[in-house]
Amino acid sequence: MQHVFATIYLYVVSQHLGNVLYGINVKRIVFDPIDYNDGKMSVLRVKRSVQTLTLAMILVYTTLLLYQSLSRGLIQSSQQIVRDVNSIMAKDYEEMFFENNRIMEVREKRMSVDKFTSDITPSVTATKKPTITKLEDLFISVKTTKHYHYQRLPIIIKTWFQLAKHQTWFFTDVDDREFQEKTNGHMVNTNCSSSHNRKALCCKMSVELDTFLESDKKWFCHFDDDNYVNVPRLIRLLEDYNSQEDWYLGKPSIRAPLELLNKEKNPQKISFWFATGGAGFCVSRALALKMIPIASAGKFISTGEKIRLPDDVTMGYIIEHKLKKPLTVVDQFHSHLEPMKFLRRDTLYDQISFSYSRNKDEWNVVKIEGFDIKYDPNRFLSLHCHLFPYFSFCPR
């Protein structure tokens with residue numbers, strides 16, 4: 001507003017100055033009548049010149065004012081934009097910081113895993129075929145029983161189940177409304193016995209296999225309820241294999257192939273490897289489809305009864321002996337039969353599964369700092385926070 005008043009003031013001054021000059025020259029003309037006409041013309045020219053000059057100054061001044069106003073507006077807008085951006089960045093900085101660090105850490109670990117797994121000598125000579133494997137391609141089964149629902153399932157549901165809640169199913173022997181809700185309907189009552197004998201174990205494995213075959217998933221991965229599963233690392237493993245080929249991935253718990261006497265028509269000694277169920281194993285869909293004539297619709301149970309061996313051994317018998325498909329050893333699967341304390345802290349990111357056991361007052365657990373031993377005796381909670389520190393219950 002003050003710029004407008006300044007402009008009007010300049011204009012009034014120019015008018016006044018023109019009138020003053022005009023008056024001076026008129027007085028001179030009155031006392032010198034001879035030059036009246038010439039003087040009158042001269043006065044008019046001077047007045048017009050002053051007014052023209054003043055208008056030019058007003059134009060220049062107005063232009064400068066407009067430029068200044070526009071520049072100030074642009075600067076203020078730019079400053080406001082910068083303030084808005086800074087506000088947004090400040091609001092999300094912490095979350096972005098932790099997330100970016102985690103992504104970089106995972107990338108570094110993946111590079112380490114690639115180098116680590118390249119040195120593993122599988123039990124067979126086969127060419128790995130990289131494929132795109134997503135979390136949605138997995139069918140993860142967890143074998144449990146009513147006796148362990150409250151003892152073992154809560155820690156799984158709180159930790160690694162959250163990373164694959166739509167892909168993980170619990171196979172048990174009773175209806176349990178409470179855990180049915182906690183797992184979003186992912187508790188399957190197999191109607192098998194709750195005992196730990198051979199037939200009960202094979203019964204549950206049979207239901208696990210049939211349920212997988214009814215799905216459209218590419219990989220069947222079995223674990224026990226005393227396993228912690230590093231889900232991202234499991235996916236990374238399966239990316240190295242083609243689900244349309246025959247793959248049986250796992251880790252044996254014995255140092256030599258299992259030998260037994262085949263009691264069929266021509267009795268003979270046979271030997272085969274099997275992946276221990278306590279560490280977990282994975283079977284490709286292509287191989288599972290080949291198992292249908294031998295293992296589906298209850299045949300898995302009858303096969304286990306025939307060789308009189310539990311579920312994981314029966315699985316190895318069907319795949320290695322019957323179908324002649326060898327086990328591919330993956331050392332990153334771990335069972336409670338191994339001493340967990342020997343897993344180095346700097347290699348935990350590379351492992352796929354962990355376990356635990358208790359012998360009297362001594363625990364066989366992963367050696368990892370974290371929560372108090374009374375609160376986290378099997379160390380799964382501390383392990384989870386080590387691998388995925390962004391979970392809300394993990395200490396900061």
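1. Helices (H or I, at least four residues) and strands (E, at least two) are taken here as DSSP runs, numbered from the N terminus, and on that basis the chain has 11 helices and 13 strands. The model is predicted, so that local features need pLDDT of at least 70 and side-chain atom pairs count only at pLDDT 80 or more, whereas totals for chains, interfaces and linings use all residues. Residues are numbered from 1 along each chain as its sequence is written, and side-chain values use heavy atoms, with hydrogens and water left out.

2. Of the 396 residues in the chain, 43% are buried, where buried means under 20% relative accessible area, exposed means over 50% and partly exposed lies in between (1.4 Å probe, protein chains only). With contact meaning heavy atoms within 4.5 Å, 68% of the contacts in the chain between residues at least 6 apart in sequence join residues at least 24 apart.

3. Helix 5 (residues 198-214) and helix 9 (residues 299-307) have axes that come within 8 Å and cross at roughly 150°, the axes being lines fitted to C-alpha atoms, for helices over the stretch in contact, and the angles running from 0 to 180 degrees between N-to-C directions. Helix 5 and helix 9 are therefore roughly antiparallel, given that angles under 35 degrees count as roughly parallel, over 145 as roughly antiparallel, 65 to 115 as roughly perpendicular and the rest as oblique. On the helix 5 side the contact is made by Arg198, Lys199, Cys202, Cys203, Met205 and Ser206, which meet Phe300, Ile301, Gly304 and Glu305 in helix 9. The residues of this contact divide into five nonpolar, two polar and three charged, with Ala, Val, Leu, Ile, Met, Phe, Trp, Tyr, Cys and Pro counted as nonpolar, Asp, Glu, Lys and Arg as charged, and the others, Gly among them, as polar.

4. The axes of helix 5 and helix 10 (residues 311-322) also come within 8 Å, crossing at roughly 60°, and these two helices are therefore oblique to each other. Leu201, Cys202 and Met205 of helix 5 make this contact with Asp311, Thr314 and Met315 of helix 10.

5. Helix 9 and helix 10 pack with their axes 9 Å apart, at an angle of about 95°, and are therefore roughly perpendicular. By class, their contact has five nonpolar, three polar and three charged residues.

6. Gln167, in the loop between helix 3 and strand 2 (168-172), is buried, with a relative accessible area of 6%. Leaving aside neighbours within four places in sequence, Gln167 is in contact with Leu135, Glu136, Leu138, Phe139, Ile140 and His186.

7. Glu369, in the loop between strand 13 (362-364) and helix 11, is partly exposed, with a relative accessible area of 48%. Neighbours within four places in sequence aside, Glu369 is in contact with Arg345, Arg379 and Ser382, and the C-alpha atoms of Glu369 and Leu383, 14 residues apart along the chain, are separated by 8.3 Å.
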